[in-house]
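Subject: Structure handover

Hi there,

Here is the structure I promised to pass on to you. Please open it alongside this email, and I will walk you through what turned up.

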Amino acid sequence: MTYDQLKAQIFKKQTFLCVGLDPDIRKIPEHLLNEDEPIFEFNKQIIDATADYCVAYKPNLAFYESQGIKGMMAFERTIHYIKKFYPEHFVIADAKRGDIGNTSTMYARTFFEEYNVDALTVAPYMGEDSVTPFLEYDGKWVIILALTSNKGSQDFQLTEDKQGKRLFEHVLSKSQEWGNTDNMMFVVGATQGKMFEDIRCVAPQHFLLVPGVGAQGGSLQEVCQYGMTRDCGLLVNSSRGIIYARNDQDFAKAAAVKAQALQKEMAIELAKIK
């Protein structure tokens, strides 16, 4: 999917919502445990219920890997289901991979060839040769961790050099030498608030993947105030707040209500773009 195609979907559907597919086998409704593939069935119902209100899905690999081969089979089947029935949706594998060249090449082959996802989250700490193998695939995206929403982000990401430039700013500026707005995004946590202004000073046009709205306390309006561009430039992710809205037979309906509510808020924000 290209930049223009993603932008077109956002304005057509009046949403920049990304639904995080993080199925914890200990949290999904008990009645699904009787299914042959409970994780996939949970995802399938969430996807069917929320597809009208979002433009992207983001399965987090940890929730699948924790279930061994069955979990990875559910991940693969989930990707196939989205691609078959909702091919206009952007699919992000939240795997946070990052290693030296040959290993990154294998990771890229895994996610872009074997699973055929649209984008992959990547940790840039090891530098250029740990990222560029992912950029060799036309139509695929690398989403680089820049400024995250967790408390520990302050341990390294906000440290300054002698000129006062913070580490996340170095990540943003240096990585743009490797990719461009058509194949690279950045992860910026919603809880960073006004810091989005600083992000936009360094990366004014790139799409940002923004986790942390909802259960983690991030403000959608604040993210949009400081981070939105004329092309929107945002994919705002919500996971727990949508997929675990209820834990009974009506869990998918509850997820749809939550997703629709966010979509309506996003439509209001998009209407402010001039």
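Predicted model: local features only at pLDDT ≥ 70, side-chain atom pairs only at ≥ 80, totals over all residues.

**The barrel**

That pair belongs to strand 2 (residues 56-59) and strand 3 (residues 90-97), which run parallel and are joined by 2 bridges. Ala56 also has a counterpart in strand 3, standing opposite Phe90. Taken as a whole, 8 strands close into a barrel, in the order 1-2-3-4-5-6-7-8, with parallel pairing. From one strand to the next, the twist averages 30 degrees.

On its other pairing, strand 2 is joined to strand 1 (residues 17-21) by 4 bridges, again in the parallel sense. Here Leu21 is found opposite Pro59 of strand 2. To get from strand 1 to strand 2, the chain passes through helix 2 (residues 38-50), and this β-α-β crossover is right-handed.

Is strand 2 covered or open on its faces? Both faces are covered: Ala56 and Lys58 are buried on one side, and Tyr57 and Pro59 are buried on the other.

**Helices on the sheet**

Helix 9 (residues 195-202) lies across strand 5, strand 6, strand 7 (208-210) and strand 8. Its direction is at about 160 degrees to that of strand 7. The other one is helix 1, residues 3-13, which packs on the sheet and touches strand 3, strand 5 (141-147), strand 6 (184-188) and strand 8 (234-238). Between the directions of helix 1 and strand 8 the angle is about 60 degrees.

**Salt bridges**

How many salt bridges does a search of the whole structure find? The count is 13. A few of them are described below.

- Asp231 pairs with Lys7, with the closest N and O atoms 2.9 Å apart. Asp231 sits in the loop between helix 10 (220-227) and strand 8, while Lys7 is in helix 1, so this pair ties together parts that are 224 residues apart in sequence. Asp231 is buried, at 18% relative accessible area, whereas Lys7 is partly exposed at 28%.
- Lys194 forms a salt bridge with Glu197, and the closest N and O atoms are 3.4 Å apart. Lys194 counts as exposed because its relative accessibility is 51%, and exposed means over 50%. Glu197, at 36%, counts as partly exposed.
- Glu269 and Lys272 meet through their side chains in a salt bridge of 3.3 Å, N to O. Glu269 is buried, with a relative accessibility of 6%, while Lys272 is exposed at 53%.

There is also a network of salt bridges that links Lys58, Asp94 and Lys96. Lys58 is one of the buried residues of strand 2 mentioned above.

Technical notes
Residues numbered from 1 in each chain as written. Heavy atoms only, no water. Pairing = 2+ DSSP bridges. Axes fitted to C-alpha atoms, helices over the stretch in contact; angles between N-to-C directions. Contact = heavy atoms within 4.5 Å. Salt bridge = Lys/Arg side-chain N within 4 Å of Asp/Glu carboxyl O. Buried < 20%, exposed > 50% of the residue type's maximum accessible area, 1.4 Å probe, protein only. Right-handed = clockwise from strand over helix to strand, strands pointing away.
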